[in-house]
Amino acid sequence: MKKLTQLLTAALLSLVVFTGAAQAKDRVELVYVEWARAVAITHVAGVLLEEMGYDVKTSSVANAAMWASVAEGDSDALLCAWLPTTHADLYAKYKNRVVDLGPNYVDAKLGFVVPSYVTINSVTEMAANIDKFGGKIIGIDPGAGMSKAAEEAIAKNISGIGKFKYVSGSDAIMVASLSNAIKRKEWIIVPGWQPHWMFGEWDLKILDDPNKIFGGAETINTIVRKGLDKDMPEVFAFFSKFDWKQLDLSTALVDNKNGMDPKRSAEKFVKANRAKINELLKA
């Protein structure tokens, strides 16, 4: 009798383990770069996928590593591909190994950004005021498409900016430098883009770019690994059908800027926008 009880207990435990395994969903790996909107949208997506029952891991990496990770199948998706210009080289390199699901944001703008008190309005006026800028453009990470475009423009003296020095760093360093300069009413020029919370924080302007150093307006696209549609069709459907363009992520961007943990700000955003999100999920 004792032996029978032990066998039944073992069988019951096996059934519980099997049932749990059958119910458990796969891990979803999301990668992003430390750009304001990229941080916000990735964590909001992570929260929604967790609500769908998935184990989600989000990883902040360098730009080139982000694309390589999805192309190699080590990660499932990225939601911050700037196309057709900013990430053109990376897209060209990996386009046969990833799936482009199209824009999650349209009419994104890039360019050289200055505080509004700076009395120039075009890139072509930078050279005449190089001393006021200290001869420097305070940049972002060296692997970013904007950094490469700026450095190429300097090398080719496009719009006469050949004597400037591009000082690469990171989004955070660039923003901190901008903040300090504004406090002192100093002239500063940085590569910038919209959407970004800094345009709500300070009075800034993007300089006219007649020679299209950074191209025209772009879209921000969702890129997933090949095979995701077969391995995790529900996740693929989420990435391909959820219409992010109907959600304004500004509040999450501001919360992140103010130091809130990105996961916490994403949870707050989802709770505050529950009705609209449920509507988009149904669609």
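The following paragraphs describe the overall build of this predicted model, then one aspartate, then the principal pocket.

The protein chain contains twelve helices and nine strands. Its C-alpha trace extends over about 95 × 40 × 35 Å along the principal axes. Of the 283 residues, 46% are buried, and the chain exposes about 13800 Å², with carbon and sulfur atoms supplying 54% of that area. Among contacts in the chain with a separation of 6 or more, 79% are between residues 24 or more positions apart.

The side chain of Arg-225 makes a polar contact of 2.6 Å with that of Asp-76, and the backbone nitrogen of Glu-29 lies 2.7 Å from a polar atom of the Asp-76 side chain. Beyond its neighbours within four places in sequence, Asp-76 also contacts other residues, including Arg-27, Val-28, Val-70, Ile-223, Val-224, Leu-228 and Met-232.

The largest pocket has a volume of about 400 Å³. Its lining consists of 20 residues, and those nearest the centre are Glu-34, Trp-35, Val-39, Asp-171 and Ala-172. At least two lining residues come from each of helix H2 (36–51), helix H6 (171–183) and helix H10 (250–257). By residue class, the lining comprises eleven nonpolar, five polar and four charged residues.

Note on methods. Residues are numbered from 1 along each chain as its sequence is written. This is a predicted model: local features need pLDDT of at least 70, side-chain atom pairs count only at pLDDT 80 or more; totals for chains, interfaces and linings use all residues. Side-chain values use heavy atoms; hydrogens and water are left out. On a 1 Å grid over the protein atoms alone, a cavity is a set of points where a 1.4 Å probe fits but cannot get out, and a pocket is an open set with protein on both sides within 12 Å along at least five of seven lines; lining residues have an atom within 4 Å of a point. Grid points are joined across faces, edges and corners, and a volume is the space filled by probe spheres set on the points. Helices (H or I, at least four residues) and strands (E, at least two) are DSSP runs, numbered from the N terminus. Ala, Val, Leu, Ile, Met, Phe, Trp, Tyr, Cys and Pro count as nonpolar, Asp, Glu, Lys and Arg as charged, and the others, Gly among them, as polar. A polar contact is a pair of N or O atoms within 3.5 Å; within protein, one must be able to donate a hydrogen and the other to accept it, and residues adjacent in sequence count only if both atoms are side-chain atoms. Contact means heavy atoms within 4.5 Å. Buried means under 20% relative accessible area, exposed over 50%, partly exposed in between (1.4 Å probe, protein chains only). Accessible areas come from the Shrake-Rupley method with a 1.4 Å probe; for residues, only the protein chains shown count as cover.
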